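This briefing is intended for a reader who has the sequence and the coordinates at hand. Please keep the structure open while reading.

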Amino acid sequence: MTVARIGILGAGTMGRGIAQVAALGGYETRLYDAYPDAARDAAVKLREALAKGASRGRWSEAEAEVASNRIGPALEIGQLAGCEMLIEAAPEDVELKRKLFGEAAAVCGPEAILASNTSSLRVSDIAVGVPDPERLVGMHFFNPPVLMKLVEVVAAERSAEWALEATTEVALAMGRTPIRAKDSPGFVANRLARPFALESLRMLGDGIADAATIDRIVRLGGGFRMGPFELIDLIGLDVNLTIARSFFAQGGQLERWRPNPIQERLVEEGKLGRKSGQGYYAYGEGVERQADPELDIDAPTLDPEQLALVDPAASEVLSRLFAQIANEAAFAREEEIASPADMDTALRLGLNWPLGPLGFAAEIGPERAVAVLEGLRAEKGEAYRPAPRLRAEAAAVRGS
Ligand code: NAD
């Protein structure tokens, strides 16, 4: 299957970004939206965005011009005829996505690849009732697509290898880094990142440190660009809570994925983060983050001497965080949701982590991770149950 023309279904945040990388990758790109004005507007805005990218040196002016000319609106679904691939970036609603793929597939014929950018639905569920479901795959981009290199190519139960391979090739041509993912809750990057928010919230609830201190420790000692509470405030507490609830439901109510009561309370109070002016921090005039102290930490570390320079709570915060990251990665490896190398790639390129989860697991080591988890499990319960794989690795270290 050679792809030359791509139809994008949904011209919102993600659809526009995907259209931009598609056009830069050499594809004729048609943007379709339930609101024709949204598709028209997106094409105009993308021309501006491409020109702006050229002025910043991301690509040349000639490339911007060529890419702009490849993008056009599809004002009704029939105008997607001739597209060999459809990438769906419509609202996160399984019925809506099924219906949309059904309508678009009727226009494009049985050979067109159907790729969904869903971030939380099962791709196999979207495929139910869609004609020729073996050509339907997941193609999960990260926001904003033009800056984030990762694309998770998700194999649904009935996805054919040819469709997965063609999707991988398209992602490569778009200048992305594709990885292969199993159709499991949240796929790879978002799932492996669960402990970042959830364990930080549990530590806040346990009174280990306040949100600003946990953020500073995670930035300075963990090497993350933003602390967990700064990130949740940026994403929106309500959005983050919806994600947490979706994981909890899809995972069969696993304790380690249980949504946090502090976050539930704040959302009920309308404290949604930056967009509402108040989340874990208050936003408004004169409110600024204090400068981080100058420390010579250049990589994530659990070195007690260095961490003592950050904060007295740093060692405990990072041990708990790294142990839970290692644990989630061990569960994910048992379930084979992706290759180990792809797990690290996913977090570095999808969410800008300084190390992948296996890198953090190596930093803490299986023995210490299990000891931290077992200590907490005795006190707090099943959210800290170590993965059998992590225990086995710890036992192997002890035996060697
Ligand atoms: P969005 O709300 O910005 O855009 C959705 C667009 O779809 C809107 O322009 C809307 O008018 C259009 N639309 C609604 N119903 C439609 C229909 N029946 N047919 C065609 N178009 C329709 O949403 P978004 O943030 O771009 O998310 C889109 C998808 O991408 C979702 O599945 C989401 O889970 C996924 N995703 C989002 C992000 C993110 O950070 N925003 C990241 C990865 C994946």
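The structure is a predicted model. Its domain assignment gives domain 1 (5-183) and domain 2 (190-399).

**Domain arrangement**

- The C-alpha centres of domain 1 and domain 2 are 31 Å apart.
- Where the domains meet, twelve residues of domain 1 are in contact with eleven residues of domain 2.
- On the side of domain 1 that touches domain 2, β7 (150-155) and β8 (177-182) each supply at least two residues.
- β8 provides the largest share of that side, with five residues.
- By class, the side of domain 1 that touches domain 2 has five nonpolar, three polar and four charged residues.

**Helix α8 against α14**

- Helix α8 (residues 194-205) and helix α14 (residues 314-335) have axes that come within 9 Å and cross at roughly 140 degrees.
- This angle makes α8 oblique to α14, and their crossing is right-handed.
- From α8, the residues Arg-194, Pro-195, Glu-199, Ser-200 and Met-203 take part; they meet Val-317, Arg-320, Leu-321, Gln-324, Ile-325 and Glu-328 in α14.
- The contact of α8 with α14 comprises five nonpolar, two polar and four charged residues.

**Helix α8 against α10**

- The axes of α8 and α10 also come within 9 Å, with a crossing angle of roughly 110 degrees.
- The two helices, α8 and α10, are therefore roughly perpendicular to each other.
- The crossing of α8 and α10 is left-handed.
- Phe-196, Ala-197 and Ser-200 are the α8 residues here, and they meet Pro-228, Phe-229 and Ile-232 in α10.
- In the contact of α8 with α10 there are five nonpolar residues, one polar residue and no charged residue.
- Ser-200 of α8 meets residues in α14 and also residues in α10.

**Helix α9**

- Helix α9 (residues 211-220) is largely enclosed by the rest of the structure, because eight of its ten residues are buried.
- The buried residues of α9 are Ala-211, Thr-213, Ile-214, Asp-215, Arg-216, Ile-217, Val-218 and Leu-220.
- These buried residues pack against α8, α10 (228-235), α13 (304-310) and α14.

**Backbone geometry in loops**

- Most residues other than glycine have a negative phi, and most peptide bonds are trans.
- Asn-143 and Pro-144 are joined by a cis peptide bond, with omega about -5 degrees.
- Pro-144 belongs to the loop between β6 (136-141) and β7.
- Gln-253 is a residue other than glycine with a positive phi, near 60 degrees.
- The loop between α11 (237-250) and α12 (261-268) contains Gln-253.
- Gln-253 has 9 other C-beta atoms within 10 Å and is exposed.
- Asn-352, which is not a glycine, has a positive phi of about 60 degrees.
- Asn-352 sits in the loop between α15 (340-351) and α16 (357-364).
- With 14 other C-beta atoms within 10 Å, Asn-352 is partly exposed.

- Pro-110 is located in the loop between α4 (94-108) and β5 (113-116).
- Pro-110 is exposed, having 9 other C-beta atoms within 10 Å.
- Pro-110 and Pro-131 are 21 residues apart along the chain, and 7.4 Å separates their C-alpha atoms.
- Apart from neighbours within four places in sequence, Pro-110 is in contact with Pro-131 and Asp-132.

**The surroundings of Gly-7**

- Gly-7 is part of strand β1 (residues 5-9).
- Gly-7 counts as buried, with 28 C-beta neighbours inside 10 Å.
- The C-alpha atoms of Gly-7 and Glu-28 are separated by 8.4 Å, although the two residues are 21 residues apart along the chain.
- Not counting residues up to four places away in sequence, Gly-7 touches Arg-30, Tyr-32, Ala-74, Leu-80, Cys-83, Leu-86 and Ala-104.

Methods: Residues are numbered from 1 along each chain as its sequence is written. This is a predicted model: local features need pLDDT of at least 70, side-chain atom pairs count only at pLDDT 80 or more; totals for chains, interfaces and linings use all residues. Axes are lines fitted to C-alpha atoms, for helices over the stretch in contact, and angles run from 0 to 180 degrees between N-to-C directions. Helices (H or I, at least four residues) and strands (E, at least two) are DSSP runs, numbered from the N terminus. Angles under 35 degrees count as roughly parallel, over 145 as roughly antiparallel, 65 to 115 as roughly perpendicular and the rest as oblique. A crossing is left-handed if the near helix is turned anticlockwise from the far one by less than a right angle, and right-handed if clockwise. Two residues are in contact if their C-beta atoms, placed from the backbone, lie within 7 Å. Ala, Val, Leu, Ile, Met, Phe, Trp, Tyr, Cys and Pro count as nonpolar, Asp, Glu, Lys and Arg as charged, and the others, Gly among them, as polar. Domain bounds come from an automatic or database domain assignment. A residue is buried if 20 or more other C-beta atoms lie within 10 Å of its own, exposed if 12 or fewer, and partly exposed in between; C-beta atoms are placed from the backbone.
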